[in-house]
Each structure stands twice: as C-alpha cells, then as structure tokens.
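Please keep the sequence and the model in view while reading.

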Amino acid sequence: MHLLNLGILAHVDAGKTSLTERLLHTAGVIDELGSVDDGSTTTDSLALERQRGITIKSAVVSFPLDGVTVNLIDTPGHPDFIAEVERVLGVLDGAVLVVSAVEGVQAQTRVLMRTLRRLRIPTLVFVNKIDRRGARDDAVLAQLARRLAVPLVPMGRATALGTRAARFLPGLGPAALDTLADRDDALLAAYLDGGVPEALLRTALAEQTRRSLVHPVYFGSAVTGAGVPDLIAGIERLLPAAAGDPAGPLSATVFKVERGPAGEKIAYARVFSGALRVRDRIPFGDGRAAQEGGPEGRVTALGVFERGTDLRRDSAGAGRIVKVWGLGGIRIGDALGLPGRAYEHHFAPPTLETVVVPGPGTDRRSLHVALTQLAEQDPLIDVRHDEVRQETSVSLYGEVQKEVIQATLADGYGLAVTFRETTTICVERLTGTGAAVEFNKKDGNPFLATVGLRVEPAPPGTGVGFRLEVELGSMPYAFFKAVEDTVRESLAQGLHGWRIPDCTVTMTHSGYSPRQSHAHQGFDKSMSSTGYDFRGLTPLVLTEALRRAGTLVHEPMHRFRLEAPADTLGALLPVLAGLGAVPQRTGTEGTLAVLEGAVPAARVHGLEQRLPGLTRGEGELETAFDHYAAVLRGPVPERPRTDHNPLSRKEYLLNVAGRVTG
C-alpha cells in the first residue's frame with residue numbers, strides 16, 4: 001500500500017481541525033466526531049489547545065484509503081505559531097489548503113499558498129463552511145484566483161449555500177479544460193480537433209496537480225460532511241505517493257521534538273530512504289555534523305502511525321513518519337544517518353521579544369531550565385540569558401504566543417511568570433569594511449594568541465561566511481575552529497547589541513605559542529596556547545573590526561494591504577503617515593479603497609487598534625514581514641548586551657575568567 005504524508009493548512013478558524021476530524025470519521029478511524037468548541041478533537045491533544053480552541057502544535061494521525069495510507073499532519077493556523085507549520089513543510093508529499101466560504105482569502109492563506117507554490121508541494125484547496133450563513137462560492141473562487149494568483153481547477157459547484165442542506169455537486173466544467181489545456185499541448189491539440197475525452201482530461205488533471213502546476217478546488221462543510229468524500233477521492237487520485245528508496249542508506253529529517261512523561265526526548269522524523277530499526281546505532285546532527293562524525297545514539301523504540309494511533313514497531317522504512325526514542329541530544333532539523341533534504345526557513349523569523357519575569361516563589365534556575373526545554377520544541381523562541389542582569393528573554397511572533405508560553409510554564413512546570421512589554425527585534429548591517437589584529441605577547445594582549453580579522457558586508461539573506469587568508473597548517477586546526485565558532489557566536493551582538501545576520505569574516509593573521517614544558521615537568525599552560533586563548537581574544541578583535549567598518553541598525557518592516565471604504569481614505573492617510581507607513585499602491589475594488597505598502601513592525605499593533613475607529617469597523621488589514629530597513633531618524637535602538645561587553649576592553653578583560661589579570 002502506498003504512503004502519503006499530507007499537511008492540512010489554513011488561516012486560523014477556517015475549520016482545519018474540524019476537517020481533520022471529518023476525514024478521520026469518514027475513513028472509519030474514529031466513531032464520533034470531536035468538537036473544537038468542546039475540546040474533544042483527536043489532534044488537539046494539549047490541554048491548552050482544548051481550552052483555547054486553537055491548534056498550537058502540529059500533530060500526526062493516520063487513516064487508510066482504498067489504495068493509500070495517509071499520514072495526516074494537522075498544523076496551527078494562527079500566525080503566532082507559523083514556526084510549527086514551517087517545520088512540517090519539508091516532510092510533506094501533498095497538502096490541503098482550507099479556506100472559509102464566509103471569510104474567504106485571509107492573510108495566512110496568502111502566506112501559505114505562496115510558500116506551497118515556492119516549494120512545489122502539490123496542493124488541493126477545500127472551501128469549507130458552505131453551510132454557514134454568508135457562505136459564497138463564485139465570489140470566493142474569484143477571490144482565490146485574484147488574491148492567490150494561482151491556476152485553479154473547480155472540481156464542481158455548491159448548492160443551497162448558507163443552509164444545512166448545502167451540498168457539493170462534482171463535475172469538471174469548461175473552466176477546467178481552459179486551465180489544463182494552457183499547460184498541456186496534447187490536451188490543447190485534442191481540444192482543437194473537436195473533443196477532449198473525459199479520461200484524457202482527468203489524466204491531465206492528475207499529472208498537473210502532482211507537478212504543482214494547478215490546484216483543484218472543492219467546496220464542502222466539515223460540520224455536515226458535504227464535499228468531504230469528493231475531497232478524499234481527490235487526495236487518493238491526485239496527490240503523489242511518498243517517494244524513497246527502502247534499500248538505500250538511512251536518511252531521515254527530524255521536524256518535531258517533544259518530551260515524554262519521564263522527561264525523555266521523542267523525535268518525529270520523516271524517513272526519506274533506507275530504514276530505521278530498534279537497537280540501531282545511528283549518527284545524527286545537522287548536515288555537516290552528520291558527515292563529519294557528529295554525535296551518535298542508539299534507537300531504543302520506534303513508533304509508526306496507523307489507523308488513528310501510533311504503534312510500536314521494530315523498524316520503519318522510507319516514506320514513513322516515525323517517532324524515535326533514545327536520541328538524547330536530538331534537535332529539530334537534525335538529519336538521521338546521511339544528510340538528506342536540508343532543513344530550511346521558509347518564513348520570516350520572529351520580530352518581537354520580551355523579558356520573562358519570574359513570579360513570587362519562582363526559582364530563576366528552574367525557569368531557565370524550563371525555557372530551554374521549550375526552546376528544544378520551538379527553537380525560534382531563541383532563549384537569551386543575561387547573566388549580568390539575571391534576566392531571560394524570548395523571541396515571539398505575537399501576543400498569543402506569549403500567553404501560550406505563560407500557560408505552558410504554569411501548567412507543565414508549575415512556574416508563575418509575567419512579561420515585560422513586547423519590543424521589536426532589529427538587526428545590524430555593516431556599512432563598510434573593517435580590519436583589526438592583535439599579536440601574541442604584544443601591546444597588552446594577555447592571551448597567548450594572534451588573531452587578525454577583516455569584516456565585509458554581504459547581501460541580505462546570505463548569512464555569515466568565514467574564510468581564511470592564512471595557511472590552514474600554520475597552527476592546530478582546533479584553534480581555527482575556536483576562532484570561527486567564536487566569531488559566529490559574537491556576531492549575535494553587534495555594536496548596538498543586535499545580531500549581524502549577513503557578512504563575510506576573513507581571518508588575516510594567526511599565531512600561537514607551541515606546547516611547552518619545564519624540565520622534568522608536564523605541560524605548562526602559562527607558556528602554551530590553548531583554545532581558551534583564541535576564544536577569549538576573538539571578540540576583542542572582531543569588535544574592533546566592526547567599529548572600523550561601522551554598522552547601521554535596521555528595523556523590521558511589514559508589507560500591508562488595507563481595504564476600507566473609499567470615503568475613509570482622507571482620515572486614513574494622515575494616520576498611516578504618522579505611523580511611518582509608506583503606501584506604495586492605491587486602487588479601488590468597487591466601493592473599497594485598497595492600499596498596499598510598508599509599515600514598521602513596531603507600529604502594526606497601533607494601526608490595528610486605530611483602524612476600526614477610522615473605518616467605521618469596515619477596514620481589513622493584512623500584514624506580513626517583508627524586509628529590514630535602516631533606522632535613519634530618531635534615536636538608534638539599543639539592545640542590552642548579554643556577553644562580557646568587548647566594546648569596553650577594560651570591562652571585558654576584568655570579566656573574562658582565567659589567566660587574564662587586566
């Protein structure tokens with residue numbers, strides 16, 4: 001039987017989890033439908049998910065069709081939990097994008113479809129809630145075509161919209177032929193010759209859907225079940241089966257990590273080739289670590305997903321999604337065995353952060369341990385601990401995520417916390433090129449090391465590159481590695497305390513004191529270089545190079561789309577200008593004015609609060625991160641440092657422990 005790893009994605013409240021329940025019920029996996037409102041759904045297993053009625057963590061559940069076993073992955077719809085969606089994308093064979101027939105295309109709908117198209121993941125569209133008052137079919141279809149700008153193939157039409165009697169009537173109309181013939185010469189030739197057989201049309205539909213060239217659209221209701229059997233038929237016939245060589249070398253990717261009842265780590269992984277077996281000893285880590293002999297672990301147990309539950313198995317082959325026990329140091333994005341599909345970031349990183357404040361009776365050390373464990377499950381919360389101020393901060397996508405962290409710490413760890421005001425995360429970019437060098441035993445250098453570095457700007461999105469202009473054999477490799485690792489770590493805090501995400505760092509000078517010893521005695525640390533010397537000196541050299549290059553703080557900017565009654569435009573434009581928003585396109589759609597442009601991320605919340613009053617409650621705002629822009633006016637945003645402050649040589653040398661005396 002074929003396998004299909006299927007993602008269910010949507011904007012929040014489009015009915016994604018309800019559709020998952022209906023699919024499981026229709027397939028015979030569950031006897032009764034769960035309810036999001038009652039907190040009884042299969043995939044929302046966390047107490048917090050049941051309380052809030054939203055999906056927070058991705059969940060896997062399996063159901064059988066006639067010729068396919070489907071591993072269905074229910075993902076969060078709320079934008080604050082987009083990181084959960086991101087991790088799932090790399091393991092999917094196909095997807096169902098759920099859209100509400102009442103609300104239509106929403107902000108997250110567009111973000112998700114753009115990403116699915118970029119990754120060429122075959123996707124079906126399910127327009128849900130046709131039984132709800134205000135449901136639309138043709139209008140939503142037109143909106144899908146206009147706002148998603150993708151080729152769509154309607155698989156039928158809806159009847160009795162807005163009532164419990166709403167139904168889906170399957171059938172390919174003329175629009176399907178037009179869309180498919182545009183991408184299939186044989187189909188176009190048959191059409192010009194006077195007729196296209198139904199079998200040829202459906203063959204072309206399956207082929208183009210599997211190549212992510214077109215997207216079939218179904219209408220229905222997860223509540224009543226209308227249209228769901230037709231969607232299931234589409235899942236079985238139109239989406240591709242999982243690929244992979246079961247006889248090849250082991251290659252799997254971890255997309256989720258959770259902790260079991262005893263605190264043990266459980267990794268969720270997609271097997272792309274080969275097989276995992278209980279008691280196997282396997283290498284794991286990021287792509288480079290796996291190739292260079294990184295950590296290894298012994299698999300103590302395996303779970304696979306079948307008929308709505310996970311079952312223990314001795315082995316699991318290519319195409320499977322598995323739960324793996326026994327790999328203590330495992331992290332999200334790690335490869336098991338040979339590096340396979342690289343883990344990529346498809347969405348923007350968090351642009352907000354807050355300081356976590358311990359409540360009465362909450363131990364700071366316990367809080368730090370708990371937050372570190374939460375970061376294992378969601379690395380993008382990026383826990384930063386400030387030893388000087390004894391403060392811990394976390395990165396966020398939004399305020400709902402903050403509430404979830406607070407509730408998780410209280411319920412899961414018994415820790416009461418509050419938060420300081422949420423602030424925006426900026427970055428620093430180099431404005432020029434700078435170089436610095438410190439020589440061993442010269443000019444007050446207390447470290448037994450020579451390090452020279454040159455920093456140069458790199459285009460946004462290219463990351464940090466590290467190069468050598470010195471001979472690799474001029475000193476032990478471990479010292480070069482210490483410099484590179486320290487450079488990457490130190491670039492997390494630039495001259496103003498913000499991360500420098502894109503630059504090239506070149507090592508221009510190197511030198512060390514060879515291993516020395518006194519007569520009849522062992523190795524003398526005071527006379528011989530160690531990795532400590534290079535780790536201690538590098539931040540000072542790098543900071544001086546950054547000073548000479550210069551940096552400029554950039555703040556995150558969101559692109560926005562705002563729809564509002566045309567007669568409110570006069571009141572809106574001055575407010576947008578006051579918030580630093582820059583409209584780049586203005587148009588009309590009927591009686592609505594449509595504005596698109598960019599606004600500082602720090603001002604989005606203020607715009608959301610003022611919009612109802614300015615537009616009589618009729619304005620709709622859609623925003624998403626777009627780029628970073630230089631802060632050229634007003635005070636430069638500063639971020640408190642959490643390191644030993646290499647900006648001040650005296651303070652740094654006093655704070656760095658070891659042989660340094662000042």
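**Aromatic rings and charges**

Tyrosine 268 and phenylalanine 305 are both buried, where buried means under 20% relative accessible area, exposed over 50% and partly exposed in between (1.4 Å probe, protein chains only). The model is predicted, so local features need pLDDT of at least 70 and side-chain atom pairs count only at pLDDT 80 or more, while totals for chains, interfaces and linings use all residues. Residues are numbered from 1 along each chain as its sequence is written, and side-chain values use heavy atoms, with hydrogens and water left out.

**Ring pairs**

- Rings of Phe, Tyr and Trp (its six-membered ring) pair if their centres lie within 6.5 Å; planes under 30 degrees apart count as stacked, over 60 as edge-to-face and the rest as tilted.
- By this rule the count is 7 aromatic pairs.
- Phenylalanine 255 and tyrosine 268 have ring centres 6.2 Å apart and planes at 65 degrees, so this pair is edge-to-face.
- The ring centres of tyrosine 268 and phenylalanine 305 are 6.2 Å apart and the planes are at 25 degrees, so this pair is stacked.
- Phe255, Tyr268 and Phe305 form one aromatic cluster.

**Strands joined**

- Strands (E, at least two residues) and helices (H or I, at least four) are DSSP runs, numbered from the N terminus.
- Tyrosine 268 lies in strand E11 and phenylalanine 305 in strand E15 (residues 301-306), so their pair ties together parts 37 residues apart in sequence.

**Charges over rings**

- A charge sits over a ring if NZ of Lys or CZ of Arg is within 6 Å of the ring centre and within 35 degrees of the ring normal.
- The charged end of lysine 256 sits over the ring of tyrosine 268, 4.8 Å from its centre.
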